[in-house]
Amino acid sequence: MSYESIRLEKGMYRESGKNFSQVLEALDPSEAYQGTALEGTDAFQRQLKRFGIRVRGAGSDRVEKFFSTFESAVLFPEFISRIVRQGIDERNILPSIVATVTNIDAMDYRSIYSDAKTTDRELRFVSEGAAIPETVIRSKENLISLRKRGRMLVASYEALRFQKLDMFSVMLRQIGSYIQQMQIADAVDVLESGDGNSNSAPTYRLGSDPISGTPGNLGYEQLVEFWTLFHPYELNTILVTPAMMATILKLPEMQNPAAGLNFQGTGKIGTPLGAELICSNAVPDGNIFGLDRRYALEMVQAGDVCVEYDKLIDRQLDRAAITTICGFSKIYDAATNILEV
């Protein structure tokens, strides 16, 4: 089937277990375009070409171009969803703190855990005929809380019809950025307080054993002591506020030429401990969140970015909700520790 002969309709947004792009790909596989001028495009991009809709650059079309025909209007919700997703993905720190992403088709989710003691994790010598040590995996007692996060897009068609799609995309990416910030706040809350299964992160304070020093005076020695608390895990990610990041960057150990050249040349910030230093306003003031991102957190998603397609197609904007549904689960409790400075 040629991409130009596909019949577009609202029902394509209601296919169970598939989003609009996946439905299009099933009807118009991208593999069929290898070696042609359309190689490298996906099914949605080919539909934009079909209706002559340019969505970016100085020559981008106006919003009203989507509503030239009913079929081209069907593409509009997917366009919004994709641009919002771009906003979510821009400078998104979640991939740096999440060990795995689980996609589900329900509102309820019960994760699993392994609560092995240190002796149970050791690969001890097993004599002939003796029992092999067990690693028991169980379902968590409480369900993981999934939260619906989003923004309401409120605009009249008359207000936007003559606006360039490139400019409209800037507004949509900002909505995605707002959603991303809310998701990060949810992730930080679960890292600190747990996911409802009695697995909040241990909190250590300066000047209280096993951390030396005095409250309010963070030094390299205290970071090293904090680092030792993670064994057998490793401290590979540090999550802090902008103010705490400045404090860490001002440590004498961060002033060596190698660290400075790396920061100035690549923009990537290292730490004396070799962990990735990530800045977020979602972290409580005065706290340092340390984690082994390989084992700390699971992200649970119920679908992708959801757009009220009926309203966007039939009413040409007006009011339409743009939402995501996701939650977070702690995997291994000992993979996250908090230092209160």
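Residues are numbered from 1 along each chain as its sequence is written. In this predicted model, local features need pLDDT of at least 70 and side-chain atom pairs count only at pLDDT 80 or more, while totals for chains, interfaces and linings use all residues, and side-chain values use heavy atoms, with hydrogens and water left out.

Helices (H or I, at least four residues) and strands (E, at least two) are DSSP runs, numbered from the N terminus, and two strands are said to pair if DSSP finds at least two bridges between them. An open sheet is formed by 5 strands in the order S5-S12-S8-S6-S7, with mixed pairing. Its edge strands, each of which pairs on one side only, are S5 (203-205) and S7 (276-279), and the twist from one strand to the next averages 25°. Within this sheet, S8 (residues 287-291) and S12 (residues 336-340) run antiparallel and are joined by 5 bridges; Gly-290 has Asn-337 of S12 as its bridge partner. Helix H10 (residues 242-249) lies across S6 (237-240), S7 and S8, and runs at about 145° to S7, where axes are lines fitted to C-alpha atoms, for helices over the stretch in contact, and angles run from 0 to 180 degrees between N-to-C directions.

Thr-237 is found in strand S6, and its relative accessibility of 0% means that this residue counts as buried (under 20% relative accessible area, with exposed over 50% and partly exposed in between, for a 1.4 Å probe and protein chains only). The side chain of Thr-237 makes a polar contact with that of Arg-293 at 2.6 Å; such a contact is a pair of N or O atoms within 3.5 Å, of which, within protein, one must be able to donate a hydrogen and the other to accept it, and residues adjacent in sequence count only if both atoms are side-chain atoms. Not counting residues up to four places away in sequence, the residues that Thr-237 touches (heavy atoms within 4.5 Å) include Ser-96, Ile-97, Phe-289 and Gly-290.

Strand S11 (residues 318-330) is mostly covered, with 11 of its 13 residues buried. S11 pairs in the antiparallel sense with S4 (residues 147-155) over 9 bridges, and Leu-153 has Ala-320 of S11 as its bridge partner. Strand S9 (residues 297-302) also runs antiparallel to S11, joined by 5 bridges, whereas S10 (residues 306-307) pairs with S11 over 2 bridges, again in the antiparallel sense.

The buried residues of helix H1 are Phe-20, Ser-21, Val-23 and Leu-24. Seen down the axis of H1, these residues fall within an arc of 160° and therefore line one face of the helix, the arc being that of the directions from the helix axis to the C-beta atoms. They pack against H2 (43-50), H3 (70-74) and H4 (76-89). The N-terminal end of H1 is capped by Asn-19, which has a side-chain oxygen 3.2 Å from the backbone nitrogen of Ser-21.

Rings of Phe, Tyr and Trp (its six-membered ring) pair if their centres lie within 6.5 Å, and planes under 30 degrees apart count as stacked, over 60 as edge-to-face and the rest as tilted. By this rule there are 13 aromatic pairs. The rings of Tyr-13 and Tyr-309 are stacked because their centres are 5.0 Å apart and their planes lie at 10°. This pair links distant parts of the chain, 296 residues apart, with Tyr-13 in the segment before H1 (20-27) and Tyr-309 in H12 (residues 309-314); both residues are buried. Ring pairs also link Phe-66, Phe-67, Phe-76, Phe-79, Tyr-157 and Phe-168 into a cluster.
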